[in-house]
Amino acid sequence: MLDSLFNPKSVAIIGASTKDLSIGNRVIKNLVDFDFKGPVYPINPKADEVRGIKAYKSIMDCPDGIDVVHMVIPAKFVPQAVDDCGKKGVKNIIINSGGFSEIGPEGEAIEKDFLERAKKYGIRMFGPNCQGIINSDPDIRAYCNFTFTKPEPGAISIVALSGGVAEVIHQGFAQMGVGTRIYASNGNACDITIPEIIRYLGDDEGTRVIVTYVEGLRDPETFMQVAKEVAAKKPVLAMKAGRTKEGAKAAASHTGGLAKEDIATDLIFKKAGILMFHDEGELIQAAAAFASQSIPKGGRIGIITNTGGPAVIATDIFVGAGCTLPPLSDKTKTFLKEKLYPEASINNPVDVLATANAGHYRACLDAMMDDDSFDCVFVNFVTPFFVDTDSIAKEIVEVNAQGKKPIVCNLMTDPNEWTETVRILREGNVPFFPLPSEAARAMTGLVRYSRVVSRDIGEPKQFTDVDKTKALGIIENAKSAGKEFLSAEDVYDVLAAYQIPVAAWKITASADEAAKAAEEIGFPVVVKADAESVVHKSDMGGVAINLEDADAVKSAAETMGRKIDAADLKFLVQKFMPGGLEIILGAKAEEGLGHMIMFGLGGIYVEIMKDVVFNLTPVTPFEAEEMLSSIKGKELLDGVRGQKGVDKASIMDSIKRLSQLVSDIPMIQEMDLNPVMAFEDKIVIVDARIGL
Ligand code: ADP
Ligand code: MG
């Protein structure tokens, strides 16, 4: 579908300008400088030529068969120009100009107008308010873009709405001397969307790795679908900005506040198998490694170094990322003792010493490639003036070309002096980085991805002991009664229908009834105010805990009755469940994605530690287990310093049941089970809210 856009045979520029410092001129210069393989048609009603190329008065005067038209004209002229292009049979239009939906309703109307016209003619629109595309394929060399990075051909393709970030990523690759293939930055993306481009790149043979940057997803459902499909074919590396907002969001104490769209984006990436980054530098470095290296089987790293400290820095990064540095096998040790200097350190890292020559490096590389203890090989390589570094580089390249295991190199040198060493590594497709930590992080990107690839989340468990009809009935009744939140009675009935354990409870209408209910439940009990207007009960004096006898219950209810002015006020009497670990479970509907399920430490921990994790529905048993082991305070679940651990199996069971409940009844907008009291042998929910 997008073939004619990314592989154009000819390009016209409506708004071609004779002024050097203008987009309408720059695009032409870029096409020419980049050696575009097809004809370029500048369109300018006044000039005979632009940049020495014959110009046309109108698109109508150009030769036929135009694949791409750039529009660099004021927004108000665009609809008419689109009509002209339609009549001319143009296939794609890139609108570089702004003045559309990004400026408000007026621009939005123009965008809608030209889009309708384009649809009529079957023209695909790229942008508006965008940079454009680049294809560095030697047969195409299309630079339909006004930026300045001129890439070498490569295997990395870049796609992003934001032109600024796309360009800075592009620059990053260029500065490292890493080639790129297709580049697409589509601004307002009124027609051709990011998912559509990602799907195209997924099918593009020359693209080995896809790099994308997002701030939020417009159509999460489609993104998820496409991402899953493409990530199954090749690595997709994504960076999402807006991290600090997440921290702020987590400050809120209820699910709605904790779970915002950008958490959902993380979860989409995770579920789809996209490798996520929070730092553009790290993303670029990892992509450079992906462009030439295979995906390792695991995270067991062998390090070869000719200088001590940098290997230590790398080691810290590896271990921090969950990689290991296994010892060398006996065979490798014996072999290296024979081959290396006697003073060399034959451990992992292997220190071959600064005076090591090509033969030493080669012996070490070969040994690690053949030693089953390692999945990847990392090389710290400083270029001393007293050794033949070119020969060392050649050995690294040779071993790399065998493709046995991924290699990443930390090349510490003066690139202006050791030009040949640098050239050998670059042309030999060995990813190398000047800083030890950068190089190590690039390698951990490969390892992280190996985990993404091998992570099999399995299928969700379907509970058959649930009463969906009953739960649905309760919720439908509440909905038709116009309720936004379910009453306590309804909430606990819904939970019971899904076998989610709740503390023994009774709803009562008066203080006397409350006292009677307490006798039946058994002391000590808790009394809580229940009314639609009462949200945070304890804040309003609506919670009285540890009531030991009927008198205490009665007076607590009476006090609440005086304090809380609500016509529908009732009293929930509940078994007092002290001494457990307070945890929180929750759910929130996500447009087009089902729900997000939340799990974390509850009570004061929610507000102070913000120690919660999320997962999109359906939550599989594998994912439920992953959720429990992903919180910072996971040790608390197992028990610390003589404290008993809690019943993790029951927590996971409730997470899965909750996932099934909200999937069965999508009408549920949010659920907040806070706290859930977790004990050694059971969990009990003591407070719950369901919002419609
Ligand atoms: P809200 O969240 O509306 O203020 P809760 O029902 O969560 O009201 O009660 C506030 C706190 O009181 C809980 O976080 C918990 O620490 C404690 N609490 C409430 N119910 C019980 C109970 N049945 N057993 C033990 N502690 C309870
Ligand atoms: Mg609560």
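**Close-up 1: Ile-93 and its partner across the strands.** In this predicted model, Ile-93 has Met-125 of β7 as its bridge partner. Strand β6, residues 92-95, runs parallel to β7, and three bridges join the two. Strands here are DSSP runs of E with at least two residues, helices are runs of H or I with at least four, and both are numbered from the N terminus; two strands pair if DSSP finds at least two bridges between them.

**Close-up 2: The open sheet.** Five strands line up as β2-β1-β5-β6-β7, with parallel pairing. β2 (40-43) and β7 (124-126) are the edge strands with a single partner each, so one side of each has no neighbour in the sheet.

**Close-up 3: The largest cavity.** Here we look at a space of about 220 Å³. A cavity is a set of points on a 1 Å grid over the protein atoms alone where a 1.4 Å probe fits but cannot get out, and lining residues have an atom within 4 Å of a point; its volume is the space filled by probe spheres set on the points, which are joined across faces, edges and corners. Of its 18 lining residues, those closest to the centre are Leu-486, Ala-488, Asp-530, Lys-537 and Ala-688. Domain 4 (504-576) and domain 5 (581-691) both contribute to the lining, so this cavity lies between them; the domain bounds come from an automatic or database assignment.

**Reading the labels.** Residues count from 1 along each chain as its sequence is written, and chains are lettered from A and ligands numbered from 1 in the order written. Local features need pLDDT of at least 70, side-chain atom pairs count only at pLDDT 80 or more, totals for chains, interfaces and linings use all residues, and side-chain values use heavy atoms, leaving out hydrogens and water.

Technical notes. On a 1 Å grid over the protein atoms alone, a cavity is a set of points where a 1.4 Å probe fits but cannot get out, and a pocket is an open set with protein on both sides within 12 Å along at least five of seven lines; lining residues have an atom within 4 Å of a point.
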